[in-house]
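Please keep the sequence and the model in view while reading.

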Amino acid sequence: MKKILFTIAFALFVVTINAQEVQQETIHSTEKPAKSKRLQSAPEYPGGIKEFYNFIMPKIQRSMSYSPGHMIVTFIIEPDGSLSNIKTEKGITEKFDERVREIISKSPKWKPGQQEGKPLRVLYRLPLRLN
């Protein structure tokens, strides 16, 4: 009986993600983000963006109930691959948004973006669609 209830509950709260457009902007420590600068090498999560979703989505699904909607989360991938300045650009509820930011903050290090062979700070914009 518990398995059936869990399966039904899980089916009702399935989260679908559409990684529509992941926008990246170069950030130099003393400058505002440069929107048009192309990177030679974009930042990458170990195993690719699908693996990043596989990392965050089960935790989001287990965290709490939410209303379906769209979220946009931004963060900076530092030259050492760590994440900083995790912010919700568009959220669902403050409590849910806070939990999503917390989950993203626990991400393993990324491969940083590079320009001319040098790692640099990159602003990453992550759209999430939650159904």
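The buried residues of helix H3 pack against helix H2 (49-63), strands E2 and E3, and strand E5 (118-130). The model in which this packing is seen is a predicted one. Which residues of H3 are buried? They are Phe96, Asp97, Val100, Arg101, Ile103 and Ile104. Because these residues cover an arc of only 160° around the axis, they are on the same side of H3. Glu94 and Lys95, on the other side of H3, are exposed. The helix itself has 12 residues, and the distance from its first C-alpha to its last is 16 Å, close to the 16 Å expected at 1.5 Å a residue.

The spacing of residues along a helix also bears on its salt bridges. An α-helix has 3.6 residues a turn, so residues three or four places apart point the same way. In H3, Arg99 and Glu102 are 3 residues apart and therefore separated by about one helical turn. Their side chains meet in a salt bridge, with an N to O distance of 2.7 Å. Arg99 counts as partly exposed, at 24% relative accessibility, and Glu102 is likewise partly exposed, with a relative accessible area of 34%. Glu102 also forms a salt bridge with Lys106, where the closest N and O atoms are 3.6 Å apart.

Another salt bridge joins the side chains of Asp80 and Lys109, at 3.8 Å from N to O. Where in the chain do Asp80 and Lys109 lie? Asp80 belongs to the loop between strand E2 (69-77) and strand E3 (83-90), whereas Lys109 belongs to the loop between helix H3 (94-105) and strand E4 (113-115). The two residues are 29 residues apart, and the pair links distant parts of the chain. Asp80 has a relative accessible area of 46% and is partly exposed. A search of the whole structure finds 6 salt bridges, among them the pair of Asp80 and Lys109.

Attention now turns to strand E4, which contains Gln115. Is Gln115 buried or exposed? Gln115 is buried, with a relative accessible area of 16%; the cut-off for buried is under 20%. A polar atom of the Gln115 side chain lies 3.2 Å from the backbone nitrogen of Gln40.

The protein has 131 residues, of which 37% are buried. Among contacts with a separation of 6 or more, 75% are between residues 24 or more positions apart. The protein exposes about 8100 Å², and carbon and sulfur atoms supply 53% of that area.

Technical notes. Residues numbered from 1 in each chain as written. Predicted model: local features only at pLDDT ≥ 70, side-chain atom pairs only at ≥ 80, totals over all residues. Heavy atoms only, no water. Buried < 20%, exposed > 50% of the residue type's maximum accessible area, 1.4 Å probe, protein only. Contact = heavy atoms within 4.5 Å. Areas by Shrake-Rupley, 256 points an atom, 1.4 Å probe, with all protein chains shown as cover. Salt bridge = Lys/Arg side-chain N within 4 Å of Asp/Glu carboxyl O. Helix = DSSP H or I, 4+ residues; strand = E, 2+ residues; numbered from the N terminus. Polar contact = N/O pair within 3.5 Å; in protein donor to acceptor, adjacent residues only side chain to side chain. Expected span 1.5 Å × (residues − 1). Arc of directions from axis to C-beta.
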